[in-house]
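These are my notebook entries on what I looked up, one topic at a time.

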Amino acid sequence: MTAPALSVSHLTVRYSGRAVVDDVSFDVEEGGSFGIVGESGSGKSTVLRAIAGLATDRDGTISVEGQVLGRKRDLAFCRLVQMVFQDPYGSLHPKQTVDRALAEAIAIHGLDRGEERIQSALEDVGLGRGFRFRYPHQLSGGQRQRVAIARALILEPRILLLDEPTSALDVSIQAEVLNLLKRLAAERRMTMLLVSHNLAVVAHMCLRIAVMQGGKFVEEAPARRFRDLKADHPYTQTLLDASGGFRRGFFAETAK
Amino acid sequence: MSDILLNVEDLRVRFPGLNGYTDAVRGLSFTLGRERLGIVGESGSGKSMTGRAILDLVPPPGEVTAKRMEFMGLDLLTMPPRERRALRGARMSMIMQDPKYSLNPVMTVGEQIAETWRIHNPGAQRQAKEKALEMLDAVRIRDPKHVYDLYPHEVSGGMGQRVMIAMVLVADPDLIIADEPTSALDVTVSMQVLAILDDLVSGRGLGLIFISHDLDLVRSFCDRVIVMYGGAVMETLAARDLDQAQHAYTKGLLNCLPRLDRADETLPIFTRDPEWLR
């Protein structure tokens, strides 16, 4: 039996003493896809931040390909695990060109064939040569998110952490970015951990889904379990009902 | 016909730039009764500018022109700015996207509602607090007396948006323009806010223009939908007929949404036809 690509067990993360992630455990096998759904403040992004080493006050173990992670993340970890953030406006340096953003990742990791890597990374995300020397303000939101994805993929990571990668995008652009992520993950057999407030997006991208509320997983099931819009946990059921759009009488049922 | 609140014909909004004008809205025509009208589009479609143009809130140097723009028989185009201003807030009003940025951070939420009442009812100062508490109750805030004294940073997003609705409704307007009123909220919270808006709109017989990027939401909440792209109207149809939409853009938008009840390997992408912009 091989170790899962990503294993989180009894993870608790505290922000100023308060547990925002409370005893969360899950495994993702190699090439698998796992999604976490929840509303704001549920702790879903904090799980990703803990794995990436951005939330340090934590208990429990996180292991990547069998290796238990300590407090600090080293370069080797960054080659293995990369993250894409929600806001493509905030995650690119406004005074650096696309080329510089990509070249920096290569320089830090001392990789060879830089030129070739940059070209193929841009090609992979569907951006032509014309985009290489543009600044972020010369790109649309969807193009910026593609650059952020290219920057993550240029290191050929085995695990991709995605924090609301399409929430800031229009639906038609969201469809393009989701298709791109799905295709690249399949081609490279990447393991994917996706966090979103949108149940439909997570169900589209992931095979397994956990529903998070108040720092805990309240339900974990294969994505197909949710397709008939039925759930075991009442909170999940509320999310499922709300995902279908507005229904008169919804408030009366849930709040009174 | 007195049932028509708003009659707009050939509305255009444009902004001057270095290389001539950029059109934000190109020739929009519609009438609004006491109903819920949705305006749907992606970013840059001109949906927000349409709402702002009706309220005369297009920022300079933007230019608004129209063949006709009437509100309950009043000609908005020839009306002096003073009168237009008196109309705004009193008879036509707007609910913005994010309560965090739209509420005054150094004033309690109750005071802000009371202030609105005072402005529109000079000479009835003493009733202001009473009215504000009544409105907080109408937007189903459980303990109005307690919430009245809270500052905006002490209330949640959903409660902040309900305060905004209370503030708009305390002046008893005939027309409300809601610009993405729930996009900053969690799904379950936004359903509650919508339910309150829905009750108040149908209870008072208001006209509501609901501006949103979310087709599913507009479909389930509104009576009629205008689909906009690049400043122009692609299609106007009854919300329940959205499934039978004829326009390629509307169909494209509907199809590219990931759906819970159906597993798609890839999402259908559509290409934009330059013809849509004429």
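**Confidence.** Over chain B the average pLDDT is 90, and 99% of the residues score at least 70. For the complex, the predictor gives an ipTM of 0.81 and a pTM of 0.87.

**Ground rules.** I am working with a predicted model, in which local features need pLDDT of at least 70 and side-chain atom pairs count only at pLDDT 80 or more, while totals for chains, interfaces and linings use all residues. Residues are numbered from 1 along each chain as its sequence is written, and chains are lettered from A and ligands numbered from 1 in the order in which they are written.

**Domains of chain B.** I found chain B divided into domain 1 (30-58 + 75-91 + 174-278) and domain 2 (99-172), with bounds that come from an automatic or database domain assignment. The C-alpha centres of these two domains of chain B lie 26 Å apart. Their contact takes 12 residues from domain 1 of chain B and 12 residues from domain 2 of chain B, where two residues are in contact if their C-beta atoms, placed from the backbone, lie within 7 Å. On the side of domain 1 of chain B that touches domain 2 of chain B, helix α8 (residues 187-204) of chain B gives the most, with six residues.

**Strands of chain A.** Which strands pair with β1(A)? I saw that strand β1 (residues 6-15) of chain A pairs with strand β2 (residues 18-28) of chain A in the antiparallel sense over seven bridges, and that six bridges join β1(A) to strand β4 (residues 58-64) of chain A, also antiparallel; pairing requires that DSSP finds at least two bridges between two strands. Val13(A) has Val21(A) as its bridge partner in β2(A) and Arg58(A) as its bridge partner in β4(A). β1(A) and β2(A) form a hairpin with two residues between them, and Ser16(A) in the turn has a positive phi of about 40°.

**Chain A against chain B.** I recorded that this contact takes 31 residues from chain A and 30 residues from chain B. On the side of chain A that touches chain B, α6(A) gives the most, with seven residues.

Methods: Helix = DSSP H or I, 4+ residues; strand = E, 2+ residues; numbered from the N terminus. pLDDT = per-residue confidence, 0-100.
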